[in-house]
Structure formats: C-alpha cells, structure tokens
Amino acid sequence: MKRTTIRPENVHQAALLRLLRDGGRSRAELGDVVDLSRSKLNVELDRLVELGLAEPDGLAASRGGRRSGRVRLSQATRFAGIDVGATSIDVAVTDGELKVLGHLSEPCDIRQGPAAVLDRAIDLLGKLHRDGLYDELTGAGIGVPGPVSFAEGVPVVPPIMPGWDRYPVRETIGQALCCPTMVDNDVNIMALGELHTGLARSVGDFLLVKIGTGIGCGIVVDGKIYRGVSGSAGDIGHIRVDDLGPVCSCGNSGCLEAYFGGAALAREAVEVARSGGSPYLAERLAVAGTLTAEDVGAAAAQGDAGAIGLIRDGGRRVGQVLASLVSFFNPGLVIIAGGVAKLGHVLLAEIRSVVYRRSLPLATGNLPIVLSELGETAGVIGATRLISDHVYSAN
C-alpha cells in the first residue's frame, strides 16, 4: 500500500520548510525573513514539529536578550534522487537539507527499455536501504534523458529512448518506492542541482548546457525551472546548425546534437583516426575497435592535434547556438556540464570565444561561462530538490 507523506498544511508552513532546507535556524532568524507575527510564526513552527516535519535543535546564541530556540528539519526525512542517463544510472539518498548520505552509480544502456532500467534504479536504492541509509522515503525525484510531460510524469517521443514513449515513469517509481514521485528531463534536474548547491546558488537567471550523448539546456528564470507550455523548453540539441549536416537521432538533418553529441564525437573521432589525422586515436582504435568521447579527451590531453581540432570544432558549433540564446535570454551565468563537457578547458575556451564574440556586448559584459563543479552529483541533488519542492508545498 502506498504510504501517504505528511505535507505542510498551509503556505506559511511550506515557506518555513523551504527556508529550513538550507539549514536549521533560530526562531528569531526565521522571524527576520518571513512576513509573520512572532505569535503566528511560533504557532506554525510548533505545528511543523507536531507533524514530524521539523524538530527542536537547541538554543541559538543570544542576540542581546533571551536565547531563541533553534528549529531544523526532521532528521528522519529522506529523499531519493535518480538520474537516468543514456549510458548510466546514478542514485542517491539525502536528508531533508539535501545533503547526500549515499550515492551509487553504474553503467546502463537506456535502450534496454524502461522496465529494465527502472528496475535497476530501484535495485540500487534497495542497496542503500539495506545499508541503513533510510527506512522510509519522504519522496523521490527522477530525471530521464528526453522530453518529459511534466504534468503527466511521462517521456514523450524521446529520440534516444526507444520504448519509453509515454511510459508511466512517475507511477512506476512511486508505487515501487511507496512515496510521492516527480519526473523531469535530466538537464532540468541538473540545473536544480546547481541552483541548490552549485555555482548558481546565488544566481536567479542562468542556463545549464549539458553536453553528453545528447545536448540540452536547463533554463532557470527567477530561481525556477522554465519548462515551456508542454515541457520541451531547452531542447537545443535539435536546433539546426547546417541544412546539409548529418542525420540526427530525431530524424532531421544538421542538428547540433548530430555534430557534437557523444555519439557524433565518437563517429568523427573514428574518421579522423582512419584518415591519419590522429596517431593517438588511430592506435586506440586499433586496440579497442571503437572510440569514445573519453578517448578524444585523453588524446587532447596528450596534445594530439586531431583530437583538439574535433573539440574546437564542436565547441564552435555549441558556441554559435549559445550565442543566440545569450542574446535572447540575457542570463547571469552559463554552466557547461555533462560527460562530453569533461573535455575541459579546450572546449570551454572555444565556447567562450564564440559567445563573447557573437553575442550582444550588453549581454556578455558580465557573463561568466564556467564548467560545472558538481560532477555526477548534480543530477541526483537536483532530483531531490525537485521532489522536495513538491513535498514542501501546500498544494
């Protein structure tokens, strides 16, 4: 039977829970940032304690009078984050403040289909359960590498996810874990991770560009994910950059993703290796029989001119698309993330060069373009941020 998670009873309690998600505070400190009388604030905090959503946390230092009592989120709160990528699964369990208590990752092919992939994610969370990291889950968030109908919790015609179209991901995970569940695109949850604990923590408007097997963009406006009318906002991998370009997984030609997604980069690397443009990649291809984006990065680190050329060419195309987005959206920060982004500063330098040269000067005059520092935890932290936003709401 599905367990019912206790939720805040009104908007005041929900606002207090979201404040406490950033760490325990004294009642006096909370009174400084919420628009409630002292008596009303204490009533709502006491009720959160009664509901088991919060708990006392000793006394704060004196501010010149009687010491105020501290309050924190219940230490029993546990959220699960699931980040399903095209070639891997990451799962994590956090406390109410979204601090990671346990994290597991393993390779997984999204083309195995939803039943196999989601069963594996549930098995990995089961291992964290057996390790004693949680008894019950307060909620679970999951990201998948394709367009998602956020309202329905299902992928919709995802180009690199055969068999996933309209599969009931939210319902499947919710029933298996017996808790509220939310589903979103993997790029959006990475953006939420950066917003919560990454480089964007103090930035209200930013773009997160994920360059992996696919290419996508998380759009954050005033501290909230912008998903568009149907949930497909940010799908920049399928912006056409060349009418005569290669066929993309979406069926169109010349998409950005067809030039510089992980599969495209591996394909280009094989061509360079076979043409004699890269001794390092040619040797690697002879040994392994195939090449990956990681091989390109390793070759570039050795100064291989062919590999560096591939990275610069891909970075130039990403920069061209991003320059238009920057001029249109005028973000305060751009974060580059994802597996291909591990190619590092050669890629970053090319993207920066194109964006700063082609975007409007007013948009780029104070615009940092940086590599993510969260690595594999961005997605799982963002997934728990997603579900905690839902649980810590009065709706």
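This is a short walk through the structure, one selection at a time.

Before you click, note that the model is predicted, so local features need pLDDT of at least 70 and side-chain atom pairs count only at pLDDT 80 or more, while totals for chains, interfaces and linings use all residues. Residues are numbered from 1 along each chain as its sequence is written, and side-chain values use heavy atoms, with hydrogens and water left out.

**Stop 1: the cores**

Start by selecting Val209, Ile211, Phe260, Leu322, Val334, Ile336 and Ile351. These have the most contacts inside the largest nonpolar core, which has 42 residues. A nonpolar core here is a set of buried Ala, Val, Leu, Ile, Met, Phe, Trp, Tyr and Cys residues joined through side-chain atoms within 4.5 Å. Buried means under 20% relative accessible area, exposed over 50%, and partly exposed in between, using a 1.4 Å probe and protein chains only.

Which element gives this core its largest share? Helix α11, residues 305-329, with nine residues. (Helices are DSSP runs of H or I with at least four residues, strands are runs of E with at least two, and both are numbered from the N terminus.)

Now pick out Leu322. Leaving aside neighbours within four places in sequence, Leu322 is in contact (heavy atoms within 4.5 Å) with Leu207, Val209, Val334, Ile336, Ile351 and Val355. Then have a look at Leu48, Leu53, Leu73 and Ala337: they are among the 39 residues of a second, separate core.

**Stop 2: two helices crossing**

The crossing is right-handed, meaning that the near helix is turned clockwise from the far one by less than a right angle.

For the meeting place, show side chains including Ile308, Ile311, Leu322 and Val326 on α11, and Val346, Leu347, Ile351 and Val355 on α12. By class, this contact has 11 nonpolar, three polar and four charged residues. Here Ala, Val, Leu, Ile, Met, Phe, Trp, Tyr, Cys and Pro count as nonpolar, Asp, Glu, Lys and Arg as charged, and the others, Gly among them, as polar.

**Stop 3: a pair of rings**

The structure holds one aromatic pair, so select Phe79 and Tyr392: their ring centres are 5.8 Å apart and their planes are at 80°, which makes the pair edge-to-face. Rings of Phe, Tyr and Trp (its six-membered ring) pair if their centres lie within 6.5 Å; planes under 30 degrees apart count as stacked, over 60 as edge-to-face and the rest as tilted.

Phe79 sits in strand β4 (79-84) and Tyr392 in the segment after α14 (377-391), so the pair ties together parts 313 residues apart in sequence. Phe79 is buried at a relative accessible area of 0%, and Tyr392 is buried at 1%.

**Stop 4**

Most residues other than glycine have a negative phi. Arg166 has a positive one, near 60°. You'll find Arg166 in the loop between β9 (154-155) and α5 (169-177), partly exposed at 42% relative accessibility. Not counting residues up to four places away in sequence, Arg166 touches Glu152, Val154, Pro155 and Val156.

Next, hop to Cys178, in the loop between α5 and β10 (181-185). Cys178 also has a positive phi, about 55°, and is partly exposed at 27%.

**Last stop: Ala301**

Buried or exposed, what is Ala301? Exposed, at 66% relative accessible area. Ala301 belongs to helix α10, residues 293-301.
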